[in-house]
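Hi,

Here is the structure I promised to pass on. Have a look at it, and then read on for what turned up.

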Amino acid sequence: MFFPPYLVNHRIVNFFGIRKFLSLHTQLKKIRTLLYLCKRSWIWLSRIRHRCGYGVHSPFAFHFITRVIYEKDAYYAYREIPVWLKKQLQDTEITWQQEPERINRLLFRIANYACPDVIADIGPSTSAAYYMQAARRQARYVAGTDACDFSLSAEEAGLIYLHTADASDTEAAFRHCLPLTTSRTLMVVRDIHRDRAMRCLWKQMKEEDRVGVTFDLYDVGILFFDRSRIKQHYIVNF
């Protein structure tokens, strides 16, 4: 928060009650942080029985959970990309939203697993874009704020990342991409539990005829379109 020079004097600050305001603002930030931590702890505890593939009998699903979602290998990109992003922020005027590091790394592992020919990134610019591209450098990367910004063919739809601002935009992008999916397509949807509208949309996505196996990681949802596998929905404590 910026204050003009004439308010720097602590007596003037006290007179206007600004110090009290700053103290209250700091306390509110601490309360919000505490509430967020309590919420995340509750979510983690409520999903504890869905951790590390416990109770998953499908070899395909167990492999994806343990070797992609929970993979702990130290990829080179985990060290290099944050340094590169920091340098880009200092040297250029390019801006993007910073995704949590665990989401960035998850998308890196998913792109590495899927080996897509095309990565479609639908939503605002985020740091996750650089992780997905680093995992599959030979893939063609296309990006847009919504699905209408570019066109894909069914042969090209490999990895699709949906992370739009609200449920209506996410649904529009999903409906646009749905006819383009093949058995090799993998779709990642951000913030599937953000609000009631997104929870309802996630339920509709799972019930789509083209969708096969799905994974609910709370912060993201993952959809496979290979219908040769039995349709199954998994909750993962990520």
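Which residues form a negative surface patch? The patch is made of Asp-146, Asp-166, Asp-169 and Asp-195. Before going further, a word on the source: this is a predicted model, so local features need pLDDT of at least 70 and side-chain atom pairs count only at pLDDT 80 or more, while totals for chains, interfaces and linings use all residues. Residues are numbered from 1 along each chain as its sequence is written, and side-chain values use heavy atoms, with hydrogens and water left out.

Back to the patches. Their members need over 30% relative accessible area and no salt bridge, with like charges joined within 9 Å and nonpolar side chains (Val, Leu, Ile, Met, Phe, Trp, Tyr) within 5 Å. Asp and Glu count as negative and Lys and Arg as positive, with His and the chain ends not counted; each charge is placed at NZ of Lys, CZ of Arg, CG of Asp or CD of Glu. Areas are from Shrake-Rupley with a 1.4 Å probe, and for residues only the protein chains shown count as cover.

Asp-146 sits in the loop between β2 (140–144) and β3 (159–162); helices (H or I, at least four residues) and strands (E, at least two) are DSSP runs numbered from the N terminus. Asp-146 is partly exposed because its relative accessibility is 32%, where buried means under 20%, exposed over 50% and partly exposed in between (1.4 Å probe, protein chains only).

There is a nonpolar surface patch too: Leu-28, Ile-31 and Leu-35 together have about 280 Å² of accessible area. Ile-31 belongs to helix α2 (residues 18–46) and, at 46% relative accessibility, is partly exposed.

Now the charge pairs. Across the whole structure there are eleven salt bridges, meaning a side-chain nitrogen of Lys or Arg within 4 Å of a carboxyl oxygen of Asp or Glu. One of them joins Glu-99 and Arg-190 (3.0 Å, N to O). That pair links distant parts of the chain, 91 residues apart: Glu-99 is in the loop between α4 (77–91) and α5, and Arg-190 is in strand β4 (residues 186–190). Both Glu-99 and Arg-190 are buried.

Arg-194 and Asp-191 also form a salt bridge, at 3.5 Å from N to O. Here Arg-194 is partly exposed at 33%, and Asp-191 is partly exposed at 25%. Glu-99, Arg-190, Asp-191 and Arg-194 are linked in a salt-bridge network. Asp-226 and Arg-229 make another bridge (3.7 Å, N to O); Asp-226 is buried, at 18% relative accessible area, whereas Arg-229 is partly exposed, at 37%.

Helix α5 (residues 101–114) checks out on length: its 14 residues should span 20 Å at 1.5 Å a residue, and its end C-alpha atoms are 20 Å apart, which agrees. The expected span is 1.5 Å times one less than the number of residues. Buried residues in α5 include Ile-103, Leu-106, Phe-108 and Arg-109.

Two backbone angles deserve a look. Most residues other than glycine have a negative phi. Cys-115, which follows α5, has a positive phi near 50 degrees. Cys-115 lies in the loop between α5 and β1 (118–122) and is partly exposed at 33%. Tyr-218 is not a glycine either, yet its phi is positive, about 75 degrees. Tyr-218 is in the loop between β5 (214–216) and β6 (220–224) and is buried, with a relative accessible area of 17%.

Cheers
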